[in-house]
Amino acid sequence: MNNKIKKYLKEGVILIFVLAIAMNIISYYKSLDLNKEKLDITSFTLLENNTYIILKAKPLLIHFWATWCPICKLEGENIEKISKEYEVISIAVQSGSDEEIQNYMKEHNLSFKVVNDKDGIYSQKFNIKAFPTTFIYDKDKKLKFSEVGYTSTFGLYTRMLLIK
């Protein structure tokens with residue numbers, strides 16, 4: 001009996017390892033077409049028409065998501081955690097009215113800054129094809145990391161620490 005358990009555990013670990021590698025390869029290929037230019041945006045209009053001016057000399061994480069995206073829902077808590085310590089702008093793409101997004105945020109206990117990209121203008125500018133997609137810029141607003149798909153809190157913190 002012990003040998004069977006060891007065998008299944010070993011196979012489970014191998015499966016998780018292979019899936020992690022496959023997900024990273026897929027993410028890499030999906031990120032090849034993303035806009036890699038230096039960030040030329042200096043401000044965003046947030047929900048409730050507040051203007052957010054991007055801070056100079058600080059790293060910035062821009063996170064594209066949608067209320068209808070199941071993976072975005074899973075990743076929302078990760079973005080919430082990192083937004084408490086770093087500059088984070090999230091862009092909700094084609095996710096309804098400001099009120100609908102605010103209700104989604106309340107329902108999921110999220111408080112990070114949100115831009116409503118109703119018409120997909122920002123997603124086109126950044127060439128977003130899948131959700132969630134995350135960009136991490138250094139203090140000079142040069143793109144250092146991009147990630148398509150789910151990213152763990154640990155992964156986000158690691159990337160932010162690497163560019164500090």
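These are my notebook entries on what I looked up in this predicted model.

**Ground rules**

I number residues from 1 along each chain as its sequence is written. Because the model is predicted, I take local features only at pLDDT of at least 70 and side-chain atom pairs only at pLDDT 80 or more, while totals for chains, interfaces and linings use all residues, and side-chain values use heavy atoms, with hydrogens and water left out.

**Entry 1: the whole chain**

I began with the elements, taking helices (H or I, at least four residues) and strands (E, at least two) as DSSP runs numbered from the N terminus. The protein chain has five helices and seven strands. Read from the N terminus, their order is α-β-β-β-α-β-α-β-α-β-β-α.

Next I looked up burial, where buried means under 20% relative accessible area, exposed means over 50%, and partly exposed lies in between (1.4 Å probe, protein chains only). Of the 164 residues in the protein chain, 44% count as buried. The chain exposes about 10,100 Å², an area from the Shrake-Rupley method with a 1.4 Å probe, in which only the protein chains shown count as cover for residues.

I then turned to contacts (heavy atoms within 4.5 Å). Taking those between residues at least 6 apart in sequence, 71% join residues at least 24 apart.

**Entry 2: helix α5**

Which residues of helix α5 are buried? In this helix, residues 153–163, I found Thr 153, Gly 155, Leu 156, Arg 159, Met 160 and Ile 163. They lie on the same side of α5, because they cover an arc of only 165 degrees around the axis (taken from the directions from the helix axis to the C-beta atoms). Phe 154, Leu 161 and Leu 162 are exposed on the other side of α5. The buried residues of α5 pack against β3 (60–65), α2, β6 (133–137) and β7 (143–148).

**Entry 3: Asn 116**

I looked up Asn 116 in strand β5, residues 113–117. Asn 116 counts as buried because its relative accessibility is 15%.

What does the side chain of Asn 116 meet in a polar contact? I found the side chain of Asp 98, at 2.8 Å. A polar contact here is a pair of N or O atoms within 3.5 Å; within protein, one must be able to donate a hydrogen and the other to accept it, and residues adjacent in sequence count only if both atoms are side-chain atoms. A polar atom of the Asn 116 side chain also lies 3.0 Å from the backbone oxygen of Gly 96. Setting aside neighbours within four places in sequence, I list Leu 47, Ala 92, Gly 96, Ser 97, Asp 98 and Ile 101 as the contacts of Asn 116.

**Entry 4: salt bridges**

Side chains of opposite charge can pair when their charged atoms come close. I count a salt bridge when a side-chain nitrogen of Lys or Arg is within 4 Å of a carboxyl oxygen of Asp or Glu. By this rule there are five.

One of them joins Lys 125 and Asp 40, with the closest N and O atoms 3.1 Å apart. This pair links distant parts of the chain, 85 residues apart: Lys 125 is in helix α4 (residues 121–125), and Asp 40 is in the loop between α1 (2–31) and β1 (43–45). Lys 125 is partly exposed at 35%, and Asp 40 is exposed at 53%.

Glu 80 forms another with Lys 84, at 3.0 Å between the closest N and O atoms. Glu 80 counts as buried at 11% relative accessibility, whereas Lys 84 counts as exposed at 57%.

Lys 144 and Asp 138 also meet in a salt bridge, at 3.9 Å from N to O. Lys 144 is partly exposed at 44%, and Asp 138 is buried at 9%.

**Entry 5: two surface spots**

Ile 71, Leu 74 and Tyr 150 make a nonpolar surface patch of about 300 Å². Patches are made of residues with over 30% relative accessible area and no salt bridge; like charges are joined within 9 Å, and nonpolar side chains (Val, Leu, Ile, Met, Phe, Trp, Tyr) within 5 Å. Leu 74 sits in helix α2, residues 70–83, and counts as exposed at 62% relative accessibility.

Ile 53 counts as exposed, with 59% relative accessibility. Leaving aside neighbours within four places in sequence, its contacts are Thr 42 and Ser 43. The C-alpha atoms of Ile 53 and Thr 42 are 6.0 Å apart, while the two residues are eleven apart along the chain.
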